[in-house]
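Work through these exercises with the model open beside you. Try each task before reading its solution.

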Amino acid sequence: MSESTGTRRKRRSAQSTVAIAASVVAYIGGGPAPVAAQESGPEASSPEQRGLAIARQADERTGGYQDYEARLTMVLVSRDGKERIREMEVSALASGDGERTLLVFRSPRDLSGTALLSHSRGDGNDDQWLYLPSMKRVKRIAGAKQSGSFMGSEFAYEDIGSQEVDNFTYRYAGEDRIEGTAVEVVERFPTAEGSGYSRQRVYLDRATVLPLRIEYFDRRGEHVKTLTLGGYQQHGSCWRAGIMTMENLRNLAVTRLEWSDFRFDIGLSERSFTADALGRRGR
C-alpha cells in the first residue's frame with residue numbers, strides 16, 4: 001500500500017513543540033537553503049508570504065521520523081524560587097490524519113497515571129483528552145478550555161502537542177539578535193477561535209532555523225509569556241531542544257522542561273493513541 005500524502009507530509013514534520021510546544025521543538029536539517037538565500041525568491045514577495053515560507057522551511061527541516069518516545073522532567077518554579085518536580089513519559093505518532101502526542105505522568109504519586117492525549121489535525125480544530133486516575137474516566141478538553149493552564153504549569157493545554165504549520169497564519173517581522181546570534185523574527189496568528197493568544201512572536205536562529213525564543217500575546221495584545229529554548233542535540237536526522245523554559249510575566253512563575261532518552265521510529269501503533277486507550281496507558 002502506498003503512503004498517503006498526509007503521512008508523507010507528517011514524516012517531514014518534527015513539530016511536536018513540543019513538543020510540547022511546540023510550538024517548541026527544534027528546526028534544522030538538510031532541506032532547503034538557509035532563510036537568507038530565499039529573501040529574493042517568489043515566496044518572499046510580501047511579509048505574509050515570507051513568514052509562511054520560513055515557517056514551512058523550518059517545519060520541513062525537522063523531518064524524518066514516524067514516531068518517537070522520550071522522558072520529560074517538568075520543574076515548576078514559584079515566584080519565591082520553590083520547586084516542584086514532575087516526571088513524564090512522552091510519545092508521538094505521525095499519521096495520515098495528523099500528529100498524536102501522549103504524555104503520561106509517572107511522579108509525583110498523586111499525579112501518577114494522569115495522561116493527556118493531543119491530536120493535532122492541521123486545521124486549527126485540535127482534540128485533547130485527559131485521563132484522571134482518581135476519577136477513572138477520560139475527559140475531553142473542549143477547544144474553549146485549551147487556553148487554560150496544563151496541570152498547574154505555565155504551559156497552556158494548547159501549548160501541548162504538535163504545532164502544525166496550518167494552525168497559524170504568518171507575517172515576517174524582520175531581523176534581530178539574541179545574545180549575539182542573528183535571528184529571523186516571524187509572527188504567527190492562531191486560527192483556532194478558542195485560542196488564548198492573539199499572536200506569537202518566534203525568533204529563529206538565522207543560520208540553523210532553530211527557534212530560540214517564542215513570545216506569547218494574550219487576546220488583548222499583552223505580552224504574557226516567553227518561552228526560551230536551548231541545549232539542542234541531534235537525534236538521527238532530527239534536532240531537539242533539551243531544555244525549554246516558559247516564564248509567566250504576570251505571576252513571575254517559571255516552568256522548565258528537561259528532555260532525555262529520545263528514541264525514534266520504534267514502531268508505535270495508532271491503537272495506543274486513542275481516547276479509549278488512555279486509561280490503559282495511564283496505569
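**Exercise 1. Strand pairing**

In which sense do β1 and strand β2 (residues 83-95) pair, and over how many bridges? Then follow the chain into β3. Keep in mind that this is a predicted model.

Solution. 
- Step 1. Start with β1 and β2. Their pairing is antiparallel and runs over 11 bridges.
- Step 2. Pick out one bridge. Valine 77 has glutamate 83 of β2 as its partner.
- Step 3. Look at the connection. β1 and β2 make a hairpin, with five residues between the strands. Glycine 81 sits in that turn, with a positive phi of about 90°.
- Step 4. Move on to strand β3 (residues 98-107). β2 pairs with β3 in the antiparallel sense too, over nine bridges. In this pair, alanine 94 is opposite glutamate 99 of β3.
- Step 5. Check the link. Two residues connect β2 to β3 in a hairpin.

**Exercise 2. The cores**

Which residues touch the most other members of the largest nonpolar core? Find them, then trace the contacts of one.

Solution. 
- Step 1. The core holds 53 residues, and Tyr68, Phe150, Leu227 and Trp259 touch the most other members.
- Step 2. Ask which element contributes the largest share. Strand β1 (residues 67-77) does, with five residues.
- Step 3. Take phenylalanine 150. Set aside residues up to four places away in sequence. Its contacts then are Met74, Leu103, Phe105, Leu116, Phe155, Ala156, Tyr157 and Ile160.
- Step 4. Now look for another core. A separate one has nine residues, among them Leu102, Leu117, Trp129 and Tyr131.
- Step 5. Nonpolar side chains tend to be buried together in soluble globular proteins.

**Exercise 3. A pocket and its lysine**

Which residues lie nearest the centre of the second largest pocket?

Solution. 
- Step 1. The volume of the second largest pocket is about 220 Å³.
- Step 2. Its lining has 15 residues, and Ser147, Ala156, Tyr197, Val224 and Lys225 lie nearest the centre.
- Step 3. Sort the lining by class: four residues are nonpolar, six polar and five charged.
- Step 4. Apply the cut-off, under 20% for buried.
- Step 5. List some contacts beyond four places in sequence. For lysine 225 they include Glu154, Asp159, Glu215 and Glu247, as well as Ala156 and Tyr197.

**Exercise 4. Backbone checks**

Which two residues does a cis peptide bond join?

Solution. 
- Step 1. The cis bond joins serine 107 and proline 108, with omega about 5°. Proline 108 is in the loop between β3 and β4 (115-120).
- Step 2. Methionine 151 is not a glycine, yet its phi is positive, near 50°. This residue lies in the loop between β6 (137-140) and β7 (168-178). Its relative accessibility is 16%, so methionine 151 counts as buried.
- Step 3. Valine 209 also has a positive phi, near 60°. Its loop runs between β9 (197-205) and β10 (211-218). Valine 209 is buried, because its relative accessible area is 1%.

**Exercise 5. A distance**

Solution. 
- Step 1. Glutamate 184 is in strand β8 (residues 181-190).
- Step 2. Glutamate 184 has a relative accessible area of 1%, so it is buried.

Technical notes:
Residues numbered from 1 in each chain as written. Predicted model: local features only at pLDDT ≥ 70, side-chain atom pairs only at ≥ 80, totals over all residues. Heavy atoms only, no water. 1 Å grid on protein atoms, 1.4 Å probe; cavity = no way out; pocket = protein on both sides within 12 Å on 5 of 7 lines; lining within 4 Å. Points joined across faces, edges and corners; volume = space filled by probe spheres on them. Nonpolar A, V, L, I, M, F, W, Y, C, P; charged D, E, K, R; others polar. Core = buried A, V, L, I, M, F, W, Y, C linked by side-chain atoms within 4.5 Å. Buried < 20%, exposed > 50% of the residue type's maximum accessible area, 1.4 Å probe, protein only. Helix = DSSP H or I, 4+ residues; strand = E, 2+ residues; numbered from the N terminus. Contact = heavy atoms within 4.5 Å. Pairing = 2+ DSSP bridges.
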